[in-house]
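This briefing sets out the main features of one protein model, grouped by topic. Please read it alongside the sequence and the coordinates.

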Amino acid sequence: LHAGDFTNSGSPQEVKAFNDWLAALPHEHKIVIAGNHDVTFDLENYDKKFRKRFHASSKPPIDAKETKALLKDCTYLENESVTVHGYKIYGSPNTPEFHGWAFMYQNKEQMKKLW
């Protein structure tokens, strides 16, 4: 179980390297939850908040959906659950607002909608 920040800023190179590392592990189940640094995984906010801040000089421009698709050798959880060997695991990358990173909620009402 890897819970958050598997990249510094969600670049395709970082996601691919992490996925390659996961693929080499011998474990039957690999569960991953994004963290606030994995900005390309926050599809709702990447283009309007994070592209310019973190990847403005990337050529060609980073496609967040394509980048997210690079993580394939695991079960990725984003506000959902999976049952493994009888254990139900819920994963959510969302956290209270902290310096404008990914997956931040602003107030208790937003939190209640997520959880």
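Which residue in strand 5 stands opposite Val84? The residue opposite Val84 in that strand is Tyr87. The model in which this pair is found is a predicted one.

**Overall architecture**

- Followed along the sequence, the elements of the protein chain come in the pattern β-α-β-α-α-β-β-β-β-β-α.
- The radius of gyration of the protein chain is 14 Å, in agreement with the value near 13 Å that a compact globule of 115 residues would have.
- The C-alpha trace of the protein chain extends over about 40 × 35 × 20 Å along its principal axes.
- Of the contacts in the protein chain between residues at least 6 apart in sequence, 63% are made by residues at least 24 apart.

**Surface and charge**

- Buried residues make up 38% of the 115 residues in the protein chain.
- The protein chain has an accessible surface of about 7300 Å², and carbon and sulfur atoms account for 53% of this area.

**The parallel sheet**

- Strands of a sheet are paired through backbone hydrogen bonds, in either a parallel or an antiparallel sense.
- In this model, 3 strands form an open sheet with the order 1-2-3 and parallel pairing.
- Strand 1 (2–3) and strand 3 (75–77) are the edge strands of this sheet, each pairing on one side only.
- Strand 2, which covers residues 31–33, is joined to strand 3 by 3 bridges in the parallel sense.
- Within strand 3, Leu77 is the residue that stands opposite Ile33.

**The antiparallel hairpin**

- Strand 4 (residues 80–84) and strand 5 (residues 87–91) run antiparallel and are joined by 5 bridges.
- Glu80 has Gly91 of strand 5 as its bridge partner, while Val84 stands opposite Tyr87.
- The two strands, strand 4 and strand 5, form a hairpin with 2 residues between them.
- His85 lies in the turn of this hairpin and has a positive phi of about 50 degrees.

**Backbone geometry in the loops**

- The peptide bond between Lys59 and Pro60 is cis, with omega at about -10 degrees.
- Pro60 belongs to the loop between helix 2 (46–55) and helix 3.
- Asn79, a residue other than glycine, has a positive phi near 60 degrees; the loop that holds Asn79 lies between strand 3 and strand 4.
- With a relative accessible area of 29%, Asn79 is partly exposed, because this value falls between the limits of 20% and 50%.
- Phe103 is likewise not a glycine and has a positive phi of about 60 degrees; Phe103 sits in the loop between strand 6 (95–96) and strand 7 (104–105).
- Phe103 has a relative accessibility of 5% and therefore counts as buried, the limit being under 20%.

- Glu66 is part of helix 3, which comprises residues 64–69.
- The relative accessibility of Glu66 is 57%, so Glu66 counts as exposed, for which the limit is over 50%.
- Glu66 and Phe18 are 48 residues apart along the chain, and their C-alpha atoms are separated by 15 Å.
- Glu14 is placed in helix 1, which comprises residues 12–24.
- When its neighbours within four places in sequence are left aside, Glu14 is in contact with Thr7, Asn8 and Ser9.
- A separation of 20 Å lies between the C-alpha atoms of Glu14 and Lys49, which are 35 residues apart along the chain.

Key:
Residues are numbered from 1 along each chain as its sequence is written. This is a predicted model: local features need pLDDT of at least 70, side-chain atom pairs count only at pLDDT 80 or more; totals for chains, interfaces and linings use all residues. Side-chain values use heavy atoms; hydrogens and water are left out. Helices (H or I, at least four residues) and strands (E, at least two) are DSSP runs, numbered from the N terminus. The radius of gyration is taken over C-alpha atoms; the globule rule is 2.2 Å times the number of residues to the power 0.38. Buried means under 20% relative accessible area, exposed over 50%, partly exposed in between (1.4 Å probe, protein chains only). Contact means heavy atoms within 4.5 Å. Accessible areas come from the Shrake-Rupley method with a 1.4 Å probe; for residues, only the protein chains shown count as cover. Two strands pair if DSSP finds at least two bridges between them.
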